[in-house]
Each structure stands twice: as C-alpha cells, then as structure tokens.
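I set out to look up how the chains meet and how each is built.

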Amino acid sequence: MGKQKVLVIGSGPIVIGQSAEFDYSGTQCCRALREEGTEVVLVNSNPATIQTDKDTADIVYIEPLTADVLEKIIEREKPDAIIATMGGQTGLNLAMELHHKGILKKHDVKFLGTDAEAIETAESRERFNRLMEKIKVPILPGAVVKDIQSAERFAGSNGYPVIIRPSFTLGGTGGGTAYDKEELRKIMELALRLSATGEALVEKSVIGWGEFEYEVVRDSFGNAAIICNMENIDPMGVHTGESIVVAPSQTLSDRDHQTLRDASLKIVHAIGIQGGCNVQLAMNQETGEFVVIEVNPRLSRSSALASKATGYPIARVATKIALGHSLPKIKNAITCTSAAFEPALDYAVVKIPRWPFDKFPKTSRTIGTQMKSTGEVMAIGRTFQEALNKAIRSLETKIPKSIEPDEHLFPPTDLRIFALLEALRRGRTTEELHQRTKINRWFLRRLEAMVRLEKRISQEKMTKELMLEAKRSGFSDPQIASFTRSDEASVRQLRKSFGVLPTYKIVDSCAGEFAALTPYYYSTYEHENEAIALEGRKIIVLGSGPIRIGQGIEFDYCCSQAAFALREMGLKSIMINNNPETVSTDFDSSDRLYFEPLTFEDVMNIVDNEKPEGVIVQLGGQTSINLAEPLHNAGTRVLGTPIDGIDIAEDRERFRELANKLGILQPQNGTATNEEEALEAASHIGYPVVVRPSYVIAGRAMEIVRSDEELRRYINEAVEVSQKRPVLIDKYIDNAIECEVDAVSDGQNVFIGGLMEHIEPAGVHSGDANIVLPSIRLSDTERKELVDYTEKISKSLGVVGLVNIQYVVRNGTVYILEANPRASRTVPFVSKAIGIPITKIAVRAMLGEKLPRFRPRVTHFAVKSVVFPFLKLLGTDIRLGPEMRSTGETMGIGKSFEMAYYKALLAAGIRLENGKKHSAFISLRDEDKKDMPELVKLLKKLGFTIYGTMGTVGSVEGAIAVPKIGKGRPDALELIESGEVTLVINSPRHGGAANTDGFRMRRASILSGIPCITNVSTAQELLKAMLELREKELDIRRVEEYAG
Amino acid sequence: MKAVLALGDGTILHGLGFGAEAEQVGELVFNTSMMGYQEALTDPSYGGQILLMTYPLIGNYGINPTDHESGLIHARGFVVRELSADAEHRDSGLTADSFLKEHGIPGIHGIDTRFLVRHIREKGVMPAIIAASKNDSAIDPKKLLAKLASPDSFNYSKTDFVSLASTKHVRVFGEGGKKRVAMIDYGAKMGIVRELVARGCEVHLLPCHSTAEEVKAVGPDGILLSNGPGDPAILKDAHSIIRALGGYKPMFGICLGHQLIGHAFGGDTYKLKFGHRGSNHAVLDVKSGRSFVTTQNHGFAVGKIPEGFELTQVNANDTSVEGMRNDAKGIFSVQYHPEASPGPHDTRFLFDEFVKMM
C-alpha cells in the first residue's frame, strides 16, 4: 500500500464568524498528518494562510471553495480520504455537499475522523433533538419551521421571547431574539431567506441563564476527555463569539461542572464524534436546571481558544484520532505525557471580542445572537482582574472618556464592560447591575473590586504594597499614571524602584504537575520567574493583535513566517502576541511565545527579561510599528528600517520634502486644523479631494469630497479636528489607475516582490480593491518608472526589510500616494503569486544578509478579491470608498487575467455560473452612465435579461425599465427581492444618506444573497471574464503548476 | 490577617491569612482540581496534610451543605493564590473563610502557589507549618522553622491518621437495601457510601480496628475497603484483618484500601515523590486499551503486586499501578476514586461491577 493521501479543506476568506482560527487548526492538522507519513492535499482560496505554504502541505491548491472545484481536485488527485472538520462551517458544509452529491462515493473518498453520519446528526436540528430525547439530555423547547405562521404558533404556545436561528448559517447570521410578534415576523423573513434549507429553528429563549462551553475530544474507541470548560460572562442572549469568555468556569461548583461534563460526554458518544467537538450549554444558576444549546462537530473558534487557554493542541490531537489512534496513545506534545488527560489550569483566561464599529459607525452597536465581531484577544493572569485588564489593553480600542452606563447595559453593546465599570464608579450596586444584566454576581464583584482599587490608587500614597496590588490586578503603568495624575515613564520608574517587576509563568496544561517543554509564557506579578532568558542569538517578533478590519490575518502570516525564517537561520525567535486564533501563537511556531498585550510596557518588560539582539516591528501592522519609536527611545535595537525613515514616511511634511527632492510627483495636498483652513486648502487644490484625519489605520474616516458643502459636513460631523489633530486634504485623481509595489530592501538594493494594479479606479481603498499581479494596463515606461521610484524612495528612507508604496498613474504621469516601510496586507498575496516568501527575504535583510540577485518572473496572473461583512452589519451601506470595509481576501490564479479574476470573485462568493440564465438589474449614478453602452454590450453577449431604473436603462434597447421604489409594481425593490435578478450593478451617488433608494436596493440584494457590484469597472471586468470563459472549463491546478 | 507558610527546607512565604487564627503542621501537598475544594477539604485522606490548590481562584461558589465528604475539615491548613471574599452560588451557605474559621483551620493566600508546586515537584513533598494571626508580629518565621525541625513535631509516615479519621462506632446507611456491604472506614469519603446506597446497598460503616469476626458478624454480601490518610505500610493490623477476609466475600478496595490489599496479600507500596492529587489523571485499562479520566488523591502506590493478582490498570503517565484483581478470591481494587466527588464520573461503573459480584 502506498502513502495515504488526504484532502484537507480550508475555510476560505476571513469573514465575521470565521477567522484566523481555521488557519491555525488546518495548519496543525496538516503537520500532524505529515508526521504520520500521510500526503496532504490542501485547498483554500485564502492566500494569507500558513496552511497554503508549500512547507505546510504536500500539495496546495489556491482555488475557489465550491463543490465543482473540489470535484475537479478530487478527480486530479484521487485522495483516499477527506477531513471535513478543519475548515470551519465552510469546510464542513462543502464536505457534506460533496457527500450528498455522491461525489465522494463516486471517487471512493472516505471521511477521516468524524463522518457524514455524525455531522448530519449534529447539524440537523430535528435529528439532534431526537437523539437528545433518546439519551435524555434536556434541550430547549423548539420547533423547526418552514414558514412564519408555524413560528408564530410556537411562540404563541411557548411564550416570548423566542430565539430564531436559520439552519446551516455561519455565526448566527440572520438569527435574533424576538420579544413580540412583529419582531418575530421581521427576523423570520430574513432567517428563512438565508437558511440553506429554507428552515429555521424557533426556540424558547433562556435569556439570562449562564452560558457554558465544553471542548471535548473523543476517539473512535470511545475514549474522551474535556479539554476545557469555558464560561461566558455575558449570559444567554449574546452569541458566544460576542461574549467575554473566561476559562475555566468560575461560578460552577464541582457538582454543576460534572453535570455539564456528563451531558457533554453523553452527547459526543451518542453522535459518534471522532475528533474534536464543541458543546454549548445553558444553566439556570438559580435552580441548577440546564439544557444543551447546540454542538459543533468540528474544530471551531472555541476550540482554538481552548487550545491556547490550556496549551492542549486540539486540532493536532483530533487529527491523530482521525488517523485511527487512540487518545491515550497520543502524546501530549507539551509534557510528553498521555493526551488522554484533562488539562488543569493554574491561571485565569479572559477572551474579549474585537468589534468593527469604529469602521461602521452607522451600524447598531447592540450585540446579540448574531456575530458582529471580527476578532478577539485573550489574556492570562493569576487573578481574574489581571486577565481582564490585560485583555482590555490588548484590544487596542479607544475606551470612551464618558460613557452613559444605561445606554450599554441591556440590551448590551460592545461597550458593556466599560459601562459596568462606570456604573460601579458612580456607586451603583452589583445587585442592581445583576438584576439589569443577569451577569453573575461573582464577576460583578470582581469589577467592583477593580473600581475600589482604582479609587485607592488615586487617593492613597503609592507604596510598594499598593503598587504590587495594582499590578496583580492587572492595571497597566499608563492606567496607574492616569489615576495618580502622573505619566507612564514616572510610574514605570517608581515601580522599578520598588522592585515590582513582572514574573513569567508557563502555560503547561497541568498546573505545574509535570515538567513542561513548552516555551509558552504569560506575565504576572509573583515570586518566581520561570522564563530564564533564552540562550544564544535571539530576536523578538511583535505580532499584530486581534483581527480587525484593516489589520487581518495577513500580518499574522508575516509574523509566523518570520519565526520560521529565524529558525531556518539558526536564530531563536520570540513571539509576542495576544490573538488566540492565530498560527503565530501556536506553541511550536516560535522558540518562545509570550502571550501578552502589545503595549510598550508589556513588550519592554519582555525585552528587559530576554535582552534580545533586536526586535522586529515591521510585520505586525500598525500595532507593532507604533511601538518602534518608544522601544527605540528606551534603548532597544529595532531591526529594519531606522526610526527616522519610519517617521519620514508617516510625517506628511517630511514625506513631501522627500518626494520633491527626488522629483516624484504627489497629488497636490494640504493640511487644515479647522473648517476655514480646510475650505481654503480645498479651493486651492480643487475638488474632488480626499480628506482624512492624520495618523490613521486603514483609511479610517477617509472620504472623497466633491464640494464645499460636503467638506463642511465632513469637518463638522465625521472627524475630530484640532491644532494637534489636523485633517489631511489630497487632490483626488479621477479616472486613474492605482498601483502598488511590495518590495524588500537591504539598505542598498531593492527586490521588487510585486507590482500590482487595482482593477477599480483610484479612490477605492487598497484593502477593498480587486488587485491584479502583474499589471495589465500599464505601459513598460510606466512600469519602469514605478520600479525606479520604489528604489529611490526605499533608499532614501533607508528601508531595511519590507516596504509597500502606493501610486496612481494617469495618462502616463505617475504620482506617489504613500510609502509604508512595513509589511502590507498584500505581502502574502504577492508571496503566493510569485512563489517566493518575501517575508523571509525581508527577515534575512533585517539581519544583515544581502538580497537574492534574481528577479521573480511571473507567467500567469493572480488576482486578489475581497469579502465584505455587510450582511452581518446591517445599516451600513455597501458602497466602497477610501475607507476599508472588507474583512478578508481571496486569490484567483489563472493563465489568463480573465480566468484569475473570475476565480477570485467566485471564491469571494460572487456566484454567476456560466451557462445559466442570468438577469441583471442596473442602476448607475450619472457620472457612470457613460459606461452603459459597454456594459449593455457585454450583458447582451452573455444573454442577460437587463432590468434597470428608468434613468439608467430608459434608452437601452431591449431593457426593461422598472419603476422607482414605491412608484409602481413590481418596483425595483420587489424585483430584487423576488429572486428574478441574479446580479445587481448599482453605483452609489457620493455622500448619500442611508435611506436612499440605492441604499435600499443594495441592502435588499445583500439580504437576498444576490451579488451586488457597486463599481462599474469591477462589473465590466467580471463580465469580460465570463465572456472569455464562456466556452472554457474552469482551469484548476496545483499552485506550482501555474508557474512556468 | 497575616499568615506565614514555612517549609521544612527553610523556604518561607508571607501572605494574607484567612480561616482560623492558628498554627498547624502538616505535609504540604498540592491538588490540581479546578473545582471541588469543599470536597477536598473534607476528604479524610488529607489528614495530616496542608492542602494547596493549584487553581488560583478558590472559594468562588462558597461552601454548601451537601457536598461534604465527612463531618470535618481533615486538611490541617489551606493554601491558595486568591481566596474569594464572597461566595456566589444558589446552594452556598457560607464562605470558605468562615468554614475554615468554624473548624479551626488556618489558611494563607496571596502567595505564589505555582512556585510551591514546582518546588514540591522538584524536591518532593515535605513538612510545612502554616501560621495565621491578626497580630503580624506574633508570627516569627524562625520559630516556625525551629518547630518544624524538632524531631517530635511531626512525622507523617509514622503517624496513624487512620485511627483519627475512622468512625468510632458502626454507622448504617441505606437501611433495608438489597445488598449489604461491610465498609471498613479508614477515613472514608461519603461519596463512596452515596454511590453504594444509590445502587440499593445497605452500607455498614465499620471502625478501622474491627476484627474479621466483627466484619463477618455484619453478614455482608461484599466488603469495601475505603480510602484514607497516611502510609499503608504501618497499618499492620489492617493487613492481617484483610488477609483473613480474603475470599470470604467479594472485596473492593479504593485508594488506601487498594494499597492495604497490596500489603495484605504479599505485595508492597512505596511513597511517590509528590503524589497524584487532582481530577484529571488518565488511567489505562491494560486489557482493553481504554482510558478513563479519574480523580486521584494518593501519596503512596502499590509497588509489587501480590501473587495471584493481575495488573488491570496503570497510570497513563508514570505507569504506576492503578488497578489489580484476583478473580479466584473475588478481590479487585483501584488506586483512584471511582466515587469522584470531586471529579469525573467516568469510572462509576466499578460500583456496578461490585454490586454485580455480590
């Protein structure tokens, strides 16, 4: 018998509810499989994943995750088996689709680990409920319904509130809690539309009960263990992904815990799990009554959290189980003891979600049964307060200065934790807050203790004892400084003079019972420091913290690669990060992991402890680059581009001087500190202009403004403007091509990784744009000029390591927009496109090695596309602009641009299969109407039926004009909702409000699951690609088959 | 309140006191259960020991009237990282602090318990002294160390903790049950009694010094040898009584009971460096290859298995003896605690087996 070949399905682009955790589980799975001599075929459309590196899997496909594509891969690779449980709900649903279509059977592909039968039982509410009745595990009264009337009947007889959950959706999308009939109708309409099966579950609400999760592993012999139990601080009614979670549970007695443990084990045995499983339970802590809410028969966000919280690698163990090993025979990689035990923690872990409301100000901040968060942070401490405070500062969110508690307590918002603290500061009692929020009093009393300590710090004389108490409760130096009206440096100095220094403890899965080999640490203020400085040459890599819009998995990819590169160079890597979902925080990604907040204090403490040769700050996005200067000032060697170079790149005036000196054009620009100055600058520059606050991440609060009126509104409403916080105003270059270059420099030479071109015209944020490599519209002269400029800028800034430079090109003139001397979002995409890991080259450059001499040659096309969270964050318009909105990216590769582009969009969920009958609804703003003839030509060639508003299609032959909303029947909205239309092309007017017709149409198409394209160029290129591919099969290949 | 913990090797830690203002000597041991501190405190097997919980946040859900494993706190002192001042649970009657106070047991918190665990792991369990007092100056660490050093102060392995923990007169539970179990109380956890009663047994809990005749006089269908504190090697009387009862009726030994069976039939025991105490220990069934998560609390283990006995289960980590049986004599025993309390219920089926044998 030859090598066993196994197909592993990834989870595709990062979306809300499905984040970096599946790169973590998938990567661990691939490694565990290969350890056993299994050949791994990995499929994922997300290039920013370690699992798609050729070092991780034997055979890599970066292709759209659809059943058709997977069937082609199965035909080509003939795998023996498939693992369905590593790629989140996406991977699981796909494997089940392949199973139901008979594709697996046809090609004789078996399930490895938890099989189709078990998955079906866990996922189908009816089967699951029947099984629970059989094994006598209590469930919530509920009914699976196919229509609104049945839901109403259920609620009528069981009473409101009820929870509605559409079947087979991700992160609770489309679900909600209905307190009355009207809300029920509203939620049900959406739920039925979104459910893959047209079904939704209506359940009696147990809002306010305690919510608990049990992470279980079980092998095929029936051995099982609970790896971690976790308690949601936010009681039932808030999705577990939206809750602040603590591990282990804090308020359960052993009797309670064993009750829930028994139920969890009973369930996994009855379902027949072979691998990992997540069980969610609710307990009425007033009575002890409990119910099981649901199970996830796969690796999950919670399993990643549990792995990081305990040190127990669930995905690795689940993979070994899938291969047929028994749990006791599998070694706990940390302690070399058996994996059949249950981890014991000697610390508390707190997880807090990271929400994107700073990017989506129009979306309601209320949190509930549907996920809205994009990422999360985790922190570890020896007390609950310590873990909580560390987690809060890991979030890197601005805590509002003034907060009105009652606006956030119930229904809860993302700011509830701050509202609770504020309420306690104002003297509200824990009992009152418990009645209001149902949060367990134990947690509220811990918050009360925090507030009491705050008060003592601000009122008493600071002593060594008080300082130690403050640090043991997790207060940071800056926090203490604010309570004592001092500054961080003084507090730090005072603290050191007291001898109050952090100690580091190991996360060892066994509470110290066995000697641990893991190099996984957290800080606390105790007696013994277990982190004796690593010997030999060592480098610290700063991670990127929680996944948020603008700072996603791409940066974690770079940090992980840096750790691997250092290992390859024979150096030791020390990782600092606080995101439990990631590969970088896997215990064996680096030589040492510090699970810590990424603030100056926390990082500097580690620097003091380890005394590394240098710190790499350019790979973790804004989070890490922001620490460059303070670390440098504190005497730490920052590797790579010098601080001054970073400053020139970030300082507008200095950068303008540099561009002038180098003779590189910039769009005309200016700064303003008030409305008057802004209007003057704009009139000087000439509209349209791009406005934004200085020093921003991923284009926060950036807008294109076309008139004095719009500019006034922006200055007065959108941003805070002051002498210290000027607004930047740039000429917006219309109808231009936006390009960017990712390059590496060693200080002398420059290695061009990739020259990319945006498909959309300039003005769409580079994180949201569809991007192609190599460029397709630029002339050779223009390309040469871009390369030349990149070299000049890099040298002048003294770039050592990565740099990303953005340009616009119009009519042969190249303008530079900005230079970022750090890893960009496109680094993984470029690395995958050219087949060269440019991060590794950058790390070598930072450590003094010379660049490789060759130039990458690309003979195929790679396109990056993006996915948006609009469905989860209703109320936000889906128009694109200079502010980034997307959560994740996909990559399409092809021998032609069209093929690559089509695949990238297909992977991003724009499903317009060729050969099907399509109809499009078009409504364009006036300035785009010039593109109508071209659009119509393409649509007609493809056989589309064309609908549209009178203003857009009135003069188009053969097109059907539809009345405006409310001006006839069926109107535009009804037509979209009817499902008659398969594509909506709608370009929004500038600066429109949220209740316009266009907004309602876009929203309707999102809710109906119809692709809605808001940019005419995007649409034209898609149609061209469809036309080009009309006669062709999708070309699916291994990544390396595209080269050459 | 202030408190000091001094160890036999001279290590001294200063912390905050709770529970009773008192001074106690005992063997310092650690337990890795994250919940179940109430059951542990009242577990007679902790007689003569100072109990350290490795989980740092203790007392969160208070003390309830139902989860006691005996009527007393048997541990001599309690060491935790942070004691919850308040208790939050529907069943909670009082805080851990008041509970210790009621029973005259001192506690210390605010100290680096993980450091102590690693210290014990490296050096082995050792005698320690815990002193808690409202009067800070009343505690003199040097005097504490001197007390520990004096030869007659404390010798864990020489002390008969069993006699102290055992019932003084026969107690009957589950009266009228279908099967009658004579349970010799070496310091039994009530959890064992509860499991037997739940299976329809009438349990006669007998003093540890009961003779074979006194045991037989109960007219039992089976004999259960309970858990208990201390070194099994010194309980010579128990060895001979058990030997005399061998083959008389089905016999089930738990923890100390299991070790005593070892001694009674010609095997031996040895002291582990720092014991197994927690709710997460994996045990392997030799024949089936199955694994179970078990509750453990023992500082000694069976070394040589007596002749006629077969090894049935081993510890998945250090392969120490976890279970043995002698079918000819109808004896089986386990080192761990199938009654759990606290801990997982995975091996409760052993009680079913015992009932079936009777």
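Entry one, the interface. I worked from a predicted model. I looked up the contacts between the chains and found 40 residues of chain B in contact with 45 residues of chain A. On the side of chain B that touches chain A, helix 3 (113–123), strand 15 (269–285) and strand 16 (291–302) of chain B each supply at least two residues. I then sorted that side of chain B by class and noted 15 nonpolar, 13 polar and 12 charged residues.

Entry two, the barrel. In chain B I traced seven strands that close into a barrel in the order 1-2-8-6-4-3-9, with mixed pairing. Neighbouring strands of this sheet are turned by 35° against each other on average, direction ignored. I followed the pairing of strand 1 (residues 2–7) with strand 9 (residues 126–133) of chain B, which is antiparallel and runs over six bridges. Within strand 9 of chain B, B:Ser133 is the residue opposite B:Lys2.

Helix 4 (residues 141–149) of chain B lies across strands 1, 2, 3 and 9 of chain B, at about 40° to strand 1.

I counted 36 helices and 39 strands in chain A. The C-alpha trace of chain A spans about 75 × 65 × 65 Å along its principal axes. I found 61% of the 1044 residues in chain A buried. Of the contacts in chain A with a separation of 6 or more, 70% join residues 24 or more positions apart.

How values were computed. Residues are numbered from 1 along each chain as its sequence is written. Chains are lettered from A and ligands numbered from 1 in the order in which they are written. This is a predicted model: local features need pLDDT of at least 70, side-chain atom pairs count only at pLDDT 80 or more; totals for chains, interfaces and linings use all residues. Two residues are in contact if their C-beta atoms, placed from the backbone, lie within 7 Å. Helices (H or I, at least four residues) and strands (E, at least two) are DSSP runs, numbered from the N terminus. Ala, Val, Leu, Ile, Met, Phe, Trp, Tyr, Cys and Pro count as nonpolar, Asp, Glu, Lys and Arg as charged, and the others, Gly among them, as polar. Two strands pair if DSSP finds at least two bridges between them. Axes are lines fitted to C-alpha atoms, for helices over the stretch in contact, and angles run from 0 to 180 degrees between N-to-C directions. A residue is buried if 20 or more other C-beta atoms lie within 10 Å of its own, exposed if 12 or fewer, and partly exposed in between; C-beta atoms are placed from the backbone.
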